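Dear colleague,

Please find below the structure that I am handing over to you.

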Amino acid sequence: PGTTAPPRLLSRLPRASSRSAGSGSAERRRGEAAPSAPGAMLSAKETAALIEILARSGDSLEASSNAFMRAFVRSDHFRVAAAMCIMLEDDLMPASHRLTALYIIHDLYKNESAAVHPFTPFLVAMVEAAAAPPPEGDEPRVAERNLLSSLLSKGATAGGGGSAADVPKKSPSELAALWKAGAAELPLPDLAALRASYAERDARV
């Protein structure tokens, strides 16, 4: 993918990438409403489809990702994932939606290296935020930290005796129970190595 998603999306994410320009005009030609979701990136119909997928807290992460890929054509994946990033940054999702969204964002480009995956900088920023001490009165985001650690680390374990390969087969509710506040925290991925992997790419953007 030639488009990157920097960690602070609200200020730096391109609002209209070459990937999404054509699909947006085609939608409007078919009579769909103009975009009305975060950052004016999604139409009302797209927003409803996305929320329906994210709300399936009993479905496995893998099943939800597959549903996402059926609901949105490949040329729209970056744009919809970027909208999810904005919603995640602005805390516009409940916890169960957040786990599914993070998994989908990673899964869309899972076959790419960290240097090529357009959302690596965002995912690194999110795992750092989840690992930081929470504001007073807030619960630590152990499930988010552990999910991202398992996705971004090679040879990671899922905790509770499982492996990272088991994570996609679990639902957000199962992961929230496994990784509730006070549960063991998985080791963080090598954040310095991940940053180095995309630093040269970002310098060229």
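**Findings: helix packing and selected residues**

I begin with a contact between two helices: Arg98, Leu99, Leu102, Tyr103 and His106 of α6 meet Ala143, Glu144, Leu147, Leu148, Leu151 and Leu152 of α8. By class, this contact of α6 with α8 comprises 8 nonpolar, 1 polar and 2 charged residues. Please bear in mind throughout that the model is predicted.

**The chain as a whole**

The secondary structure of the chain amounts to 10 helices and 2 strands. Read from the N terminus, the order of the elements is α-α-α-α-α-α-α-α-β-β-α-α. The chain has 205 residues, of which 45% are buried. Of the contacts between residues at least 6 apart in sequence, 68% join residues at least 24 apart.

Helix α6 spans residues 95-107, and the axes of α6 and α8 come within 10 Å of each other, crossing at roughly 15°. Because this angle falls under 35 degrees, α6 counts as roughly parallel to α8. The crossing in which α6 passes α8 is right-handed.

**Helix α6 and its packing against α5**

Helix α6 also packs with helix α5, which comprises residues 77-89; here the angle is about 140° and the axes are 10 Å apart. The two helices, α5 and α6, are therefore oblique to each other. In this case the crossing, in which α5 passes α6, is left-handed. On the α5 side, Ala81, Met84, Cys85 and Leu88 take part, and they meet Arg98, Ala101, Leu102, Ile104 and Ile105 of α6. By class, the contact of α5 with α6 has 8 nonpolar residues, no polar residues and 1 charged residue.

The loop between α5 and α6 contains Asp91. This residue is not a glycine, yet the phi of Asp91 is positive, near 55°. With a relative accessible area of 47%, Asp91 is partly exposed.

**Two serines at the end of α8**

Ser149 lies within helix α8, whereas Ser153 is placed in the loop between α8 and β1, the latter being residues 157-159. The relative accessibility of Ser149 is 1%, so this residue counts as buried. Ser153 has a relative accessibility of 19% and likewise counts as buried, since the cut-off for that class is under 20%.

Each serine has a side-chain contact with a backbone oxygen. The side chain of Ser149 reaches the backbone oxygen of Arg145 at 2.8 Å. A polar atom of the Ser153 side chain, in turn, lies 2.8 Å from the backbone oxygen of Ser149. Apart from neighbours within four places in sequence, Ser153 is in contact with Pro187, Leu188 and Pro189.

Ser57 is placed in the loop between α3 (44-54) and α4 (61-71). It is partly exposed, its relative accessible area being 28%. When neighbours within four places in sequence are left aside, the contacts of Ser57 are with Ser96, Ser171, Pro172 and Ser173. Ser57 and Leu99 are 42 residues apart along the chain, and their C-alpha atoms are separated by 9.4 Å.

Glu174 belongs to helix α9, which runs over residues 172-178. Its relative accessible area of 44% makes Glu174 partly exposed. Glu174 and Asp59 lie 115 residues apart in sequence, while the distance between their C-alpha atoms is 9.7 Å.

With kind regards

Terms used:
Residues numbered from 1 in each chain as written. Predicted model: local features only at pLDDT ≥ 70, side-chain atom pairs only at ≥ 80, totals over all residues. Heavy atoms only, no water. Axes fitted to C-alpha atoms, helices over the stretch in contact; angles between N-to-C directions. Helix = DSSP H or I, 4+ residues; strand = E, 2+ residues; numbered from the N terminus. Parallel < 35°, antiparallel > 145°, perpendicular 65-115°, else oblique. Left-handed = near helix turned anticlockwise from the far one by under 90°. Contact = heavy atoms within 4.5 Å. Nonpolar A, V, L, I, M, F, W, Y, C, P; charged D, E, K, R; others polar. Buried < 20%, exposed > 50% of the residue type's maximum accessible area, 1.4 Å probe, protein only. Polar contact = N/O pair within 3.5 Å; in protein donor to acceptor, adjacent residues only side chain to side chain.
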